[in-house]
Amino acid sequence: MAVLRISWGPQHPASGQMRIILDVDGDIVVNAIPSVGYTHRSIEKLAEYRRYFQIVPLVERICNLDSFNVTLGYVQAVEELMGIVPPERAQFIRVIMSELNRITSHLYWLALFGIMPGQPTMLMWPIADRELFLDLAEMVTGSRVTYSYFIIGGVRADLPSDFPNRALKTLDYFEKRLKVYDKMLYRSKLYEMRNRGVGIMKKADAINLGVVGPNLRGSGVKVDTRKDEPYQVYDRFEFEVPTEEVGDAEARAKVRFHEMEQSINIVRQALGMLPEGPFQVKAPFRAPPGEVYKKVEAARGELGFYIVSDGTDKPYRLKISSPSFRNLAAFPFLMKDVTMADIPVIYFSLDPFPLDIDR
Amino acid sequence: MTSETEIVENLNSKFKEAIVDANVQRKARVIITAKKDKVLDIASHLKKELNFDFVVSVCGLEMPQEDAFTVVYHFWSISNKILLTLKTKVPKESPEMLSLTPIFESANWHERETHEMWGIKFSNHPDLSRLLLPEDWSEKPPQRKDFTLPR
Amino acid sequence: MGLVSEILTPLYQAFEHIFRRTFTIKYPYVALKPTERTLGRHILDPSKCIGCGLCANSCPTKAIELVEWKEKKHPQIDYGRCVFCEICVSMCPKGALGITSAYELAAYDKASLVYSPEQLSVPPKPIEGRKIVSVRFYERRGAAHAEVK
Amino acid sequence: MEFLAIVNLIIDAIVKILPAVLFMIGFPLLGVWYERKLLARVMLRIGPLHVGKYAGVLQLIADFMKLAAKEIIIPTKANKNIFIAAPIVATIVAALPLAVIPFDGNWVVYRFDLNLLFVFAMASLIPLIILLTGWASYNKYSFIGGLRVIFQMLAYEIPLVLSVLGVVILTQSFDLIKICNAQSKIWFGLLQPLGLLVFYIASIAEVERMPFDIPTAEQELVIGWQTEYSGILFGLFMMANYISFGIHSLLITIIFLGGWLGPSFLPPMAWLLLKTAIVATLTMMFRGTYPRVRMDQLLRLGWRILIPLALINILLTLLIPTIGLGVVT
């Protein structure tokens with residue numbers, strides 16, 4: 001049969017705001033070309049026209065599923081540039097909120113990963129549990145998705161007094177829910193048939209392609225910015241960096257599952273160690289000339305901010321190295337000689353986020 | 001484990017003419033400025049001898065009062081946990097340099113983006129087609145400083 | 001045996017969830033209770049406002065504009081642009097600008113999203129004629145589940 | 001007198017076709033509503049809510065009217081005649097088996113001895129119509145979806161028929177009424193669990209339901225061969241699909257689960273419909289539990305597991321009378 005060229009997206013139930021051009025021979029995909037840019041908002045350019053404190057609501061739109069982690073990366077980079085250190089309580093609050101956000105983001109991923117083989121129940125349950133974490137975020141910040149909570153020099157407001165109790169209760173409940181997901185998805189025979197051995201990325205390939213985050217760890221490479229370059233107060237907590245050796249869709253899914261468990265662990269420790277004190281310091285408007293590269297471990301992987309300052313109150317150049325963009329390199333590599341049914345599974349096992357790719 | 005100063009010394013001795021400036025910014029950050037014709041050699045040395053595993057980001061930069069674009073590569077080493085910034089200058093009238101994709105596969109997409117946003121041509125890059133901008137984009141590369149946004 | 005359990009356990013899980021409470025609420029008939037910090041529309045205290053324009057100047061999306069009202073400059077906010085980042089409130093030197101938790105701001109046209117100083121100075125109406133629920137959380141009954149307050 | 005006889009005849013005819021017609025209209029309407037409500041509860045949602053006094057029962061009628069009022073869009077390069085005719089033919093072909101399926105010991109529209117074969121013959125026609133649809137739509141997704149239907153039909157038609165053969169051997173008849181009445185002592189489902197299992201799995205694949213809805217796989221092919229359809233034509237396809245789903249549930253009940261036989265506190269037809277509803281509920285639950293299998297896995301399951309199982313079932317059935325355990329005959 002002749003090779004058909006199929007446009008998988010941007011108007012497609014499973015593609016998100018991006019397109020993959022597939023060359024299909026019967027049911028076998030022989031070639032895949034990702035075509036992105038449908039949600040390009042030129043955040044890097046817009047940032048050059050805004051003051052440092054005004055960029056916080058802007059950068060969190062890079063990846064609004066993960067906005068705490070994204071703003072944390074930006075705020076840290078500016079703080080290093082300005083040479084200010086936020087108070088300890090602020091750092092703890094940042095860690096707590098970032099880890100809760102990692103769970104939120106992974107839950108969203110779990111929902112999409114669950115529906116990609118065609119199971120809508122696994123879409124709804126994680127979305128339902130995600131609401132609990134959004135409630136927690138709303139309790140602290142006032143918004144549910146884009147928070148603008150981390151500001152340069154600390155956080156915008158202190159934690160409410162009843163927050164620790166409620167967070168612990170939510171986490172207890174969520175641990176039980178994780179067992180349900182384990183039974184429903186990770187131990188289900190049919191999911192196993194769909195996920196095991198699909199999209200295998202060997203250790204050397206993963207490093208060579210430059211993929212990051214859970215995808216890299218799913219191939220057996222132990223890289224985690226929280227351990228390699230501890231930021232905020234991450235060096236005070238005990239946690240594991242989960243890795244899997246196989247490198248297929250199932251391995252990547254397992255890594256994210258264990259990461260949620262580790263996040264619960266970190267939040268519990270941080271809530272126990274939460275110190276008293278101020279939650280923000282005054283930050284200057286201007287940054288001294290210089291350059292800084294700061295990275296954080298966002299839910300999708302390592303996120304880097306490269307800021308060049310010329311001494312004014314606006315960044316001279318802001319470069320965002322986003323995790324989904326770096327994971328994009330794995331698309332053409334993995335989507336070769338697989339069946340069409342594997343395309344959505346591979347796609348979402350890599351957890352791409354088109355907004356994050358395009359910036 | 002290779003320390004930051006060892007990397008700087010190693011590079012300085014190996015590529016005496018090519019390296020304009022090399023210094024340690026802080027812990028785990030090394031900044032190197034090199035001449036553009038030797039970048040490919042330096043990159044392969046970084047990969048083979050100094051254990052740098054992949055390119056973290058590639059970006060263009062245009063410093064004021066300079067008649068050149070700066071191309072900034074960031075490399076990360078998993079074993080040494082060091083981020084190396086490699087800067088090189090390309091003249092504004094003919095912004096062209098050799099691509100690092102043959103050595104670092106991970107530079108592929110970043111160089112495509114830089115090509116699109118800054119108009120810097122990476123010769124011997126496998127595919128420099130449009131990535132983020134619309135296909136009918138005909139204005140100058142948008143990240144350059146002379147491309148101004150309407151207020 | 002493992003195969004049979006791997007096939008039947010998900011089915012049992014699905015059956016079990018039929019008898020749990022739903023997490024969705026019937027929104028137009030009942031409304032969610034906002035938290036104390038929920039970011040809704042602003043409220044302006046005209047007696048405190050000095051018309052300095054710091055809010056307009058600091059707004060990242062240029063949603064705030066200064067307009068004449070009662071022979072003085074006051075902010076006018078376009079909720080089509082506002083991203084609820086609270087920067088303007090933190091910038092206000094006199095504490096004249098505040099935030100309420102009125103989150104239902106939908107309108108039929110863009111023009112009615114622009115709130116004049118006069119509209120901003122009126123406190124928002126409480127949600128009326130509907131049940132107001134707060135999202136509570138019950139361990140045994142399912143996910144977040146709505147309880148009538 | 002003559003006039004009265006004619007009226008009697010007409011009333012007789014109406015009474016005769018009444019259950020079949022009601023099933024044809026009622027199963028898609030109530031079945032879809034019930035499925036939506038059931039799956040909504042599995043997913044912790046509320047489901048249809050507004051239309052109708054109780055829990056959105058009339059939602060499907062509203063949906064049907066919406067579909068009927070919509071514009072019928074035909075792609076420029078599509079083959080118009082086939083494109084429009086296919087859903088109509090599909091609905092008719094899907095509903096035809098109801099003419100020979102008994103709803104009671106003798107309540108059947110047209111009775112003849114080979115009605116089970118007729119049902120299978122009609123069921124195997126539908127994939128051909130779908131292949132034509134996929135080709136006529138002039139759409140890549142539709143075309144791939146149509147091809148997948150043919151693959152699926154080839155793999156599942158055979159075990160479907162083979163698995164019933166055991167029952168046919170036991171009763172020595174292709175007549176559904178005889179088959180059902182033969183179960184007064186014990187259900188064939190208990191006597192032939194293998195046959196029931198193979199028939200159930202194959203019938204799910206036959207009506208393209210989860211986990212075997214590969215031809216309309218949403219995440220891969222938009223909705224496969226239905227992609228270009230909109231409005232009432234789409235509604236007809238949906239109706240055809242649900243009618244065949246209902247017919248297969250009925251068949252399972254009649255052949256393996258004792259059909260209308262049951263304690264006499266309920267009328268026979270109520271037993272039949274109750275058992276059918278339970279079977280249909282289980283099939284609907286699969287949609288809320290399992291992901292879709294892949295094409296190669298589906299074919300492997302059909303050719304390498306189901307067909308051998310069906311053959312083993314026939315072998316065992318032949319052994320039963322030989323050993324002297326004949327329960328039925």
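Which residues touch the most other members of the largest nonpolar core? Among the 276 residues of that core, they are A:Val78 and B:Leu84, where a nonpolar core is a set of buried Ala, Val, Leu, Ile, Met, Phe, Trp, Tyr and Cys residues joined through C-beta atoms within 7 Å. The model is a predicted one, in which local features need pLDDT of at least 70 and side-chain atom pairs count only at pLDDT 80 or more, while totals for chains, interfaces and linings use all residues. Residues are numbered from 1 along each chain as its sequence is written, and chains are lettered from A and ligands numbered from 1 in the order in which they are written.

The largest contribution to this core, 16 residues, comes from helix α10 (residues 231-256) of chain D; helices (H or I, at least four residues) and strands (E, at least two) are DSSP runs, numbered from the N terminus. If neighbours within four places in sequence are left aside, B:Leu84 is in contact with B:Ile7, B:Val30, B:Ile32, B:Leu46, B:Phe52 and B:Phe75, and two residues are in contact if their C-beta atoms, placed from the backbone, lie within 7 Å.

The helix α10(D) also has a partner in its own chain. Two packed helices are described by the angle between their axes and the distance between the axes. The axes of helix α8 (residues 193-206) of chain D and α10(D) come within 10 Å and cross at roughly 170°, the axes being lines fitted to C-alpha atoms, for helices over the stretch in contact, with angles that run from 0 to 180 degrees between N-to-C directions. That crossing makes α8(D) roughly antiparallel to α10(D), since angles under 35 degrees count as roughly parallel, over 145 as roughly antiparallel, 65 to 115 as roughly perpendicular and the rest as oblique. From α8(D), the residues D:Leu196, D:Phe199, D:Tyr200, D:Ser203 and D:Glu206 meet D:His248, D:Ile252 and D:Phe256 of α10(D). Sorted by class, this contact has five nonpolar, two polar and one charged residues, where Ala, Val, Leu, Ile, Met, Phe, Trp, Tyr, Cys and Pro count as nonpolar, Asp, Glu, Lys and Arg as charged, and the others, Gly among them, as polar.

In chain A, three strands form an open sheet in the order β6-β7-β8, and their pairing is antiparallel; two strands pair if DSSP finds at least two bridges between them. The strands β6 (290-298) and β8 (317-321) of chain A stand at the edges with a single partner strand each, so one side of each is left without a neighbour in the sheet. On average, neighbouring strands of this sheet are turned by 15° against each other, direction ignored. Nine bridges join β6(A) to strand β7 (residues 301-309) of chain A, and A:Glu297 has A:Glu302 in β7(A) as its bridge partner. Across β6 and β7 of chain A lies helix α3 (residues 67-82) of chain A, which runs at about 150° to β6(A).

Chain C has four helices and eight strands, and from the N terminus on its elements run α-β-β-α-β-β-α-β-β-α-β-β. Of its 149 residues, 23% are buried; a residue is buried if 20 or more other C-beta atoms lie within 10 Å of its own, exposed if 12 or fewer, and partly exposed in between, with C-beta atoms placed from the backbone. One residue to look at is C:Gly98, which lies in strand β5 (residues 97-99) of chain C and is partly exposed because 14 other C-beta atoms are within 10 Å. Not counting residues up to four places away in sequence, C:Gly98 touches C:His42, C:Ile43 and C:Val89.

How do the chains meet, and which pair shares the most contacts? Of the four pairs of chains in contact, that pair is chains A and C, with 24 residues of chain C in contact with 29 residues of chain A. The largest share of chain C's side, seven residues, comes from α1(C), and by class this side has 15 nonpolar, five polar and four charged residues. Chain C also meets chain D, through 13 residues of chain C and ten residues of chain D. By contrast, no contact joins chain B and chain C, whose closest C-alpha atoms lie 11 Å apart, and chain B and chain D do not touch, their nearest C-alpha atoms being 24 Å apart.
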